[in-house]
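Hello,

Here is the structure I promised to pass on to you.

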Amino acid sequence: MIILRIKYVKENNMKFLSHLELIKTMERAFRRMKLKMKFSQGFNPKPKISYAAPLPVGVESECDFLDVELEEKVDIKWLLDNQKDFLPNGLKFLDAKYHGKSKSLMSLVTDSAYIIQLCTDEHMEKASVQDKLDHFLSQDSITYEKVNKKKKVKVVDIKPLIGYMEVLSVYEERIIIKALVTTGSNGNLKPEKLMELFCDYEGIHMLEGKDRYRRVELYARNEHNTKVTLFEV
Amino acid sequence: MLRNKIDDVLYLVEKPSRYIGDEVNSVKKDIRQDLIRVGFCFADVYEVGMSHLGSHILYGLLNEIEDVYCERVYSPWIDMEEKMREHNIPMFTTETRTDIKELDILSFTLQYELIYTNILNILDLSNIPFKSKDRSEDDPIIMAGGSCAYNPEPIAEIVDFFSLGEGEEVLVEVMDLYREKKNNNWTKDEFLQRVAKIDGIYVPKFYDVSYKEDGTIENFGPVDEQYPKVIQKRIVEDLNNAYYPTKFIVPYTDVVHDRANVEIFRGCTRGCRFCQAGMIYRPIREKSKDVIVDTARKIIEATGFEELSLTSLSTLDHTDIKNTIFELIENNKEDYVGVSLPSLRVDDLAVEVIQEIQKIRKTGLTFAPEAGSQRMRDVINKGVTEEDLERTLSQIFNLGWSRVKLYFMIGLPTETREDLDGIDDLGNKSTWLYKQVPAERRKGSVSVTLSTAGFVPKPFSPFQWFKQNTLEEFREKQYYLKDKIKNKKVKFNYHDAETSVLEGVFARGDRRLNDVLIKAFELGCKFDGWQEHFDYEKWMQAFEACGVDPWFYTRERAYDEILPWDFIDVGVRKDFLIREYENALNAVLTGDCRDNCLGCGVNIDLIGRECW
């Protein structure tokens, strides 16, 4: 079994692609590259490509991963050197490595870090934003009510899902925050939800539709429960 | 900057990838002063517009010209339009996000009549006056082409000039002339006077119309002798050597026809009497198998599409279709590129081809018997018998298909209850035929969809004189069928009758509809082709406000009446159309004109040689 794991960037215009659109775009790029992909059986054969952690529309990433199963190896150097001829602007392969049979990428992912930009209607000092973050995180639990598919209300505590939150900078009415959150099958916290709860709790008026997210790191855990990249796992 | 302003609103709308452009194979050019900037506009949402083959051909062709930059323009969806108006964002091109008002030429492709209000909406978003006479030298010149341009009159006061027929050659001539306009600083009028003399171009402002007391046309003609009385459509003679793009734009979002399209011929010899396309695209011109196969390979290489579609008006009529399809399947099966065909005629060749195609990818099957009874199929000159239908359905069920879709029209000339019953009968026959298949070959339960659309008589078809069914008649027939179809395995679909009658009004309309259209837009009509947005009441208000009776246009026409589109010559003679209409009324089949030339006139008037 030949599996090529690729680390890629999704930014600029490509942030507006939904996950399904990204899947189609990648498949067609691989086809243009004439990669010998392995296909599923059946009446509607699909190439075997799997993704680590689907991004919502509008979110950028500089650290996403996919696994594509191949019939024949492709030269990684060729792939990285010539990718520009095949990929649309905003998608870029950073690195690629072959590996054998592996657990699905999606099940490996445990944490991700985001850079977040918020716009508010008042200017705040960096220190005061950090104070608010600390204050927000000092709660014993951070809960909200979630309505599930059966329309049942469930109280969710996201405190255990937050790794850290820190202010990187503040300029004019923009706040830049970095946060590490749990991602994947063992709990998942969306940064949008985190910001909503933070701003609500701290009384920050966040301007609607102006918050921006960029995923900057994606991690798995090794046997010692240490964060490692998806190439290392 | 407009670019950033647009980016900001893209966070707030559904499917923003419709608006980002920058797709693989979209064309980028450096913006220079001498560039002729064209906006090619399909006035519907991106997913629909991007599925239109003709736009891709002309986009590619225009961009081959060094000093021409053709960009795409699509209608923003309702949510996007709202945001654009809220943030003062004008209508912009997909490629460079340029305000369309800054372009030299804005070209609309007219594929269905119900797109007209969207054209106005696009102009409105960039504050471009609707009527030709109200626009200044600074506004773009507005042209239009496509199948609805064969009756240009309902939008003749809006469009500066129309291009009739196939655009590959005439557009190059128009660009050459526009270059001269730029170099010589001609006014718009000076340009229009000259463009009016290019074959196949119609400039409405140089033509006058007068009406009789009963509302029919008394006189129609050029205001000045220098302009042609009759405008003949343009065609490309040799498709094997004509321009055809291979670097098709690869969309991100799911467009309606999300695949590689290879055109295999133009024209059609079947002579179905309801069919405008079968008349206006004559004569038949095929591409050779080698050209088709080579084009397909290049498109797949340049795009990475996983499906390849052979398009034409009746794909299996290509004289070398079997070899072509088999070769394409052979070339593509290793890469799992499926081959698909548009809706099929019902015959043995279809079964043979389907059998081969399913080896790669299994797709749904759609057939178009068009009418339920044999008598009615003879009226429309469909040339498909009940036995053909039975045999085909039985064969495809035996091959393992269990879902089939059948297309019909209701409201055809001479239609009776028995003809409608025939649709129900075909549904029952289908499910019965499925039951005859040995159980081990059946895949689950059978599902038959009977889909009906209200018939709209179109210019240049033999039914152009026919009185269209009224809203009430259509509804009554729909309800009748809905009640009648009891089979649980049969699904019955029908198109909204209100849109069919409005389409009928505009299809055979005249210049007096320009004001109605503008009024309807002002009342809020847009996306009329989308059932959820179509507002029949507002349209009726618009007709009333303008003092125009819509049903004047759907009435039966006399053979000696001057029809609004009579000044256009599509190559098919009126006496042929009359003969065919008479044959229809007598349910006389005339068959395929490949077997027996019916003297439509195309050979003599248009190409000066035998069609075949």
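A word on terms before the findings: helices (H or I, at least four residues) and strands (E, at least two) are DSSP runs, numbered from the N terminus. This is a predicted model, in which local features need pLDDT of at least 70 and side-chain atom pairs count only at pLDDT 80 or more, while totals for chains, interfaces and linings use all residues. Residues are numbered from 1 along each chain as its sequence is written, and chains are lettered from A and ligands numbered from 1 in the order in which they are written.

Let me start with two loops of chain B. B:Arg97 sits in the loop between helix 4 (78-86) and strand 3. Its phi is positive, about 55°, although B:Arg97 is not a glycine. B:Arg97 is buried (20 or more other C-beta atoms within 10 Å, against 12 or fewer for exposed and in between for partly exposed, with C-beta atoms placed from the backbone), because 20 other C-beta atoms lie within 10 Å. B:Asn25, in the loop between helix 1 (2-10) and strand 1 of chain B, also is not a glycine and has a positive phi, about 75°. B:Asn25 has 16 C-beta neighbours inside 10 Å, so it counts as partly exposed.

Another loop, between helix 8 (277-280) and strand 12 (285-286) of chain B, holds B:Pro283.

Chain B has an open sheet of six strands in the order 2-1-3-4-5-6, with mixed pairing; two strands pair if DSSP finds at least two bridges between them. Strand 2 (68-74) and strand 6 (201-202) are the edge strands, each pairing on one side only. Strand 4 (residues 141-145) and strand 5 (residues 161-163) of chain B run parallel and are joined by two bridges. In strand 5, B:Phe161 stands opposite B:Met143.

Which residues of helix 16 of chain B are buried? Eleven of its eleven residues (497-507) are, including B:Glu498, B:Glu503 and B:Phe506. These buried residues pack against helix 5 (116-125), strand 17 (447-454), helix 15 (471-484), helix 17 (513-522) and helix 18 (536-546) of chain B.

Finally, the two chains meet. The contact (C-beta atoms, placed from the backbone, within 7 Å) takes 19 residues from chain B and 18 residues from chain A.

Definitions and conventions: Two residues are in contact if their C-beta atoms, placed from the backbone, lie within 7 Å.
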